[in-house]
Amino acid sequence: MKKTFAEKLVCPIDKHELKLTVFTTDIGNNIQEGIFTCAECRRYYPIVYGVPIMSPDEYRQAQLELPLIQRWEKELNGKLEKGFLLVENNEVDQ
Ligand SMILES: [Zn+2]
């Protein structure tokens, strides 16, 4: 996915601007893996194989996305997923 395209995307839930964090790019500098986060509703939207996953919550499957969030743990500064939101460690019931 081209960065110029990624910068045009907004949160599908509330239409607020998204913060883009890129983890890996290909040789053409296209985004391969990364994550969008919405400061308004705190949802996250992963980018996998260059494709952003921006479906409404009811069409998302947490168990498919959890391995990504765990693999990106370091890049996400220890934030965890909770109902498609990225939350601080101390906001999750252990
Ligand atoms: Zn949002």
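**A loop residue and the sheet beyond it**

Modeller: Let's start with Phe84, which is partly exposed, with 18 other C-beta atoms within 10 Å. On that scale, a residue is buried if 20 or more other C-beta atoms lie within 10 Å of its own, exposed if 12 or fewer, and partly exposed in between, with the C-beta atoms placed from the backbone. Before going further, bear in mind that this is a predicted model: local features need pLDDT of at least 70, side-chain atom pairs count only at pLDDT 80 or more, and totals for chains, interfaces and linings use all residues. Residue numbers start from 1 along each chain as its sequence is written.

Phe84 sits in the loop between strand S5 (80-82) and strand S6 (85-87). Strands here are DSSP runs (E, at least two residues), helices are H or I runs of at least four, and both are numbered from the N terminus. As a rule, most residues other than glycine have a negative phi.

Now follow Phe84 to Tyr44. Leaving out neighbours within four places in sequence, Tyr44 is in contact with Phe84, and also with Ile35, Phe36, Thr37, Glu81, Leu85 and Leu86. Contact means C-beta atoms, placed from the backbone, within 7 Å of each other.

Tyr44 also belongs to the largest nonpolar core, whose eight residues are Leu18, Ile31, Ile35, Phe36, Cys38, Tyr44, Tyr45 and Ile47. The elements giving two or more residues to this core are S2 and strand S3 (44-48), and S2 gives the most, with four. A nonpolar core here is a set of buried Ala, Val, Leu, Ile, Met, Phe, Trp, Tyr and Cys residues joined through C-beta atoms within 7 Å. As for S3, four of its five residues are buried, so this strand is largely enclosed by the rest of the structure.

S2 and S3 pair in the antiparallel sense over four bridges; two strands count as paired if DSSP finds at least two bridges between them. Within that pairing, Thr37 has Tyr44 as its bridge partner, and Phe36 has Tyr45. The two strands form a hairpin with five residues between them, and Arg42 in the turn has a positive phi of about 70°.

Going on past S3, two bridges join it to strand S4 (residues 51-52), again antiparallel. Val48 has Val51 as its bridge partner there. Two residues lie between the strands of this hairpin, and Tyr49 takes a positive phi near 50°.

Val22 has Gly34 in S2 as its bridge partner. This hairpin has five residues between its strands. Asn29 lies in the loop between S1 and S2, where its phi is near 65°, a positive value in a residue other than glycine. Asn29 is exposed, with 9 other C-beta atoms within 10 Å.

Put together, that is an open sheet of four strands in the order S1-S2-S3-S4, with antiparallel pairing. S1 and S4 stand at the edges with a single partner strand each, so one side of each has no neighbour in the sheet.

One more residue to look at is Leu68, in helix H2 (residues 62-71). Leu68 touches Pro46 and Val48, not counting residues up to four places away in sequence. It counts as partly exposed, with 18 C-beta neighbours inside 10 Å. The C-alpha atoms of Leu68 and Glu33 are 9.7 Å apart, although 35 residues separate the two along the chain.

Stepping back to the whole chain, there are two helices and six strands, in the pattern α-β-β-β-β-α-β-β along the sequence. The radius of gyration is 13 Å, close to the 12 Å that the globule rule gives for 94 residues, so the chain is as compact as a globular protein of that length. That radius is taken over C-alpha atoms, and the rule is 2.2 Å times the number of residues to the power 0.38. The C-alpha trace spans about 40 × 25 × 20 Å along its principal axes. Of the 94 residues, 14% count as buried.

Technical notes:
Two residues are in contact if their C-beta atoms, placed from the backbone, lie within 7 Å.
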